Amino acid sequence: SLNKELSIFTKEANGIRIVVVDGTPCDALYAGLSLVKKPSLVVSGINLGENTSLQNSLYSSTIAVALEASILNLKAIAISVDTYRGDELVRNMVLQHILKMVIESSVKWFLVNDMPKGVASISINVPLITDKTHIPRAIIAPMSKARYRQKISILGNKMKFVGEELPLEEGTDSYEVKVNKNISITPLRLCLDAVTPCETPDLSSIEEFVKFMNQYIEDKLRT
């Protein structure tokens, strides 16, 4: 929010300093950076609603924070969950447990390891899980192109968007999260133009991260 005055306050909770800003997620990032100049890792989310597909990712504030952090040469990940209901997340202890393991394993990995070469940040999407017998797997998945076909209705001076969900393409992040109920891991690059050469991403490092997450989840579920 450039050239706009925002309200900000800090508080302590469980020994953690919390900064609250009445602005955008990227405003919150910069507020945090005013207190911690060089954080070890930026974790954006948990976003209510999955951020699969190129379409969703382009207008996701959660992913924008991770990419903004990467522009500042900071390690960053974005985490989203496939439910838009906060009350459902609060009541669903199975989903809470899965999310906790996803975040813990991601933080443990990236506090020790660098972001892979050719990768700006990583988008992690967690499926909606209610069955405690289902063990999701972390899967490296490419983005689907689109999730919705936007329909617009205009009545007088009022306009309303209605999203018609498109068929899911097998093998994409959307399919893994919505159908297979797996955790999609999608490495992101800061390379939108067709002029700048893109560095080839080191997918072997991403594979090691995925193996670590899967093993972490399996070990935690055994105990």
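Guide: A crossing is right-handed if the near helix is turned clockwise from the far one by less than a right angle, and left-handed if anticlockwise. The model here is predicted, with local features needing pLDDT of at least 70 and side-chain atom pairs pLDDT 80 or more, while totals for chains, interfaces and linings use all residues. Residues are numbered from 1 along each chain as its sequence is written, and side-chain values use heavy atoms, without hydrogens and water.

Visitor: At what angle do the axes of helix H5 and helix H7 cross?

Guide: Helices (H or I, at least four residues) and strands (E, at least two) are DSSP runs numbered from the N terminus, and axes are lines fitted to C-alpha atoms, for helices over the stretch in contact, with angles from 0 to 180 degrees between N-to-C directions. The axes of H5 (residues 93–112) and H7 (residues 203–222) cross at roughly 135° and come within 9 Å. H5 and H7 are therefore oblique to each other, the class left after roughly parallel (under 35 degrees), roughly antiparallel (over 145) and roughly perpendicular (65 to 115). The crossing in which H5 passes H7 is right-handed.

Visitor: How far apart are the axes of helix H1 and helix H3?

Guide: The axes of H1 (residues 25–33) and H3 (residues 61–71) are 8 Å apart, and these helices pack at an angle of about 35°. H1, too, passes H3 in a right-handed crossing, and Pro25, Cys26, Leu29 and Tyr30 of H1 meet Ser61, Ala64, Val65, Glu68 and Ala69 of H3.

Visitor: How many salt bridges does the structure hold?

Guide: A salt bridge places a side-chain nitrogen of Lys or Arg within 4 Å of a carboxyl oxygen of Asp or Glu, and the structure holds 12 of them. One of these joins the side chains of Glu50 and Arg147, at 2.6 Å from N to O. Glu50 lies in the loop between strand E3 (42–48) and helix H2 (53–58), and Arg147 in the loop between strands E6 (138–140) and E7 (148–155), so the pair ties together parts 97 residues apart in sequence.

Visitor: Which residues does a cis peptide bond join, and which residue has a positive phi although it is not a glycine?

Guide: The cis peptide bond lies between Gly45 and Ile46, with omega about 10°, and Ile46 belongs to strand E3. Asn73, which is not a glycine, has a positive phi of about 65°, and its place is the loop between H3 and strand E4 (76–81).

Terms used: Contact means heavy atoms within 4.5 Å.
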